[in-house]
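Colleague: I would like to work through a model feature by feature. Please give the general idea each time, and then the case at hand.

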Amino acid sequence: MSKTRDISITMPTSLRSPLRLLSCVTLMLALLAAGCDRHVDQQLAEHEAAQTTLGITPKQFAARFNERLADVLKDMQVEEPEHMARLYMLDADRLHPGQYDYVLDAKVGPAQTTIIGTLNKSGELRNVGVMLTNKTQGARDEFLICASSAARSFVTSGQDKLLPLITRLTTVALDNPGQRMTEVVADQLLSVELVPQGVLFQVQPRQ
């Protein structure tokens, strides 16, 4: 009867040390990566918390916007302002987040004036914009109506001065392509600038 001898294969010491080192390095890198991920997540959370907002949701903005339309139309000496205001009202039940995440996108009025805004993750508006994309006089009037009503939604004092201010900012912006015309009113930054899509009016908190 022949005897069977167990044969143990022993890895040379010269190979074991590098492999052990490689394993340790891999583990360290994995721990560092996990730590970095947590750090990045923390930074993003802090950045999100630091973002100033207008303090209201799109639906709350729609309610304010609609309430102020008649007053804007009165200042523009439009006949039957309460009746005409219905043409430009935002339907709070039909607001949607838009093409991208955290974006408000809606259209109002016969000229289909675009009203946009960015949101934070809590659903509050960071800014509100009104876009003029049509060069007709009706579209321009509608732009001013919507821009004034949007501004009045966040500026409570001196509201009768907002329409002349927005009109002036728009005129200056049209004469100075590439420049953003701004004015701070009641801690809100109002601005008008030319963008590829047309003329953009914005309301956002003063940083």
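Predicted model: local features only at pLDDT ≥ 70, side-chain atom pairs only at ≥ 80, totals over all residues.

Colleague: How many salt bridges does the structure hold?

Modeller: A salt bridge is a side-chain nitrogen of Lys or Arg within 4 Å of a carboxyl oxygen of Asp or Glu. The structure holds 6 of them. One of them joins Glu 67 to Arg 68, with the closest N and O atoms 3.5 Å apart. Another pairs Glu 82 with Lys 74, where the corresponding distance is 3.4 Å.

Colleague: Are Glu 67 and Arg 68 buried or exposed?

Modeller: Buried means under 20% relative accessible area, exposed over 50%, and partly exposed in between (1.4 Å probe, protein chains only). Glu 67 counts as exposed because its relative accessibility is 59%. Arg 68, at 17%, is buried. In the other pair, Glu 82 is partly exposed at 46%, and Lys 74 is partly exposed at 43%.

Colleague: Which residue forms a salt bridge with Asp 187?

Modeller: Arg 206 does, with the closest N and O atoms 2.9 Å apart. This pair links distant parts of the chain, 19 residues apart: Asp 187 lies in the loop between β4 (181-185) and β5 (188-195), and Arg 206 in the segment after β6 (198-205). Helices (H or I, at least four residues) and strands (E, at least two) are DSSP runs, numbered from the N terminus. Asp 187 is partly exposed at 49%, as is Arg 206 at 48%.

Colleague: How are those strands joined?

Modeller: Two strands pair if DSSP finds at least two bridges between them. β4 and β5 run antiparallel and are joined by 5 bridges, with Glu 183 opposite Leu 190 in β5. Their hairpin has 2 residues between the strands, and Ala 186 takes a positive phi near 50° there. β5 and β6 also run antiparallel, joined by 8 bridges. Ser 191 has Gln 202 in β6 as its bridge partner, and this hairpin has 2 residues between its strands.

Colleague: Where is Thr 113 placed, and which residues does Thr 113 touch?

Modeller: Thr 113 is in strand β2 (residues 113-119) and is buried, at 5% relative accessibility. Contact means heavy atoms within 4.5 Å. Not counting residues up to four places away in sequence, Thr 113 touches Ala 106, Lys 107, Val 108, Val 130, Met 131, Glu 142, Phe 143 and Cys 146. A polar contact is a pair of N or O atoms within 3.5 Å; within protein, one must be able to donate a hydrogen and the other to accept it, and residues adjacent in sequence count only if both atoms are side-chain atoms. The side chains of Thr 113 and Glu 142 make such a contact, at 2.6 Å.

Colleague: Which residues line the largest cavity?

Modeller: On a 1 Å grid over the protein atoms alone, a cavity is a set of points where a 1.4 Å probe fits but cannot get out, and lining residues have an atom within 4 Å of a point. The whole structure has 1 cavity of 30 Å³ or more. Its lining includes Thr 113, Met 131 and Ala 139, and β2 and β3 (125-132) each supply at least two lining residues.

Definitions and conventions: Residues numbered from 1 in each chain as written. Heavy atoms only, no water. 1 Å grid on protein atoms, 1.4 Å probe; cavity = no way out; pocket = protein on both sides within 12 Å on 5 of 7 lines; lining within 4 Å. Points joined across faces, edges and corners; volume = space filled by probe spheres on them.
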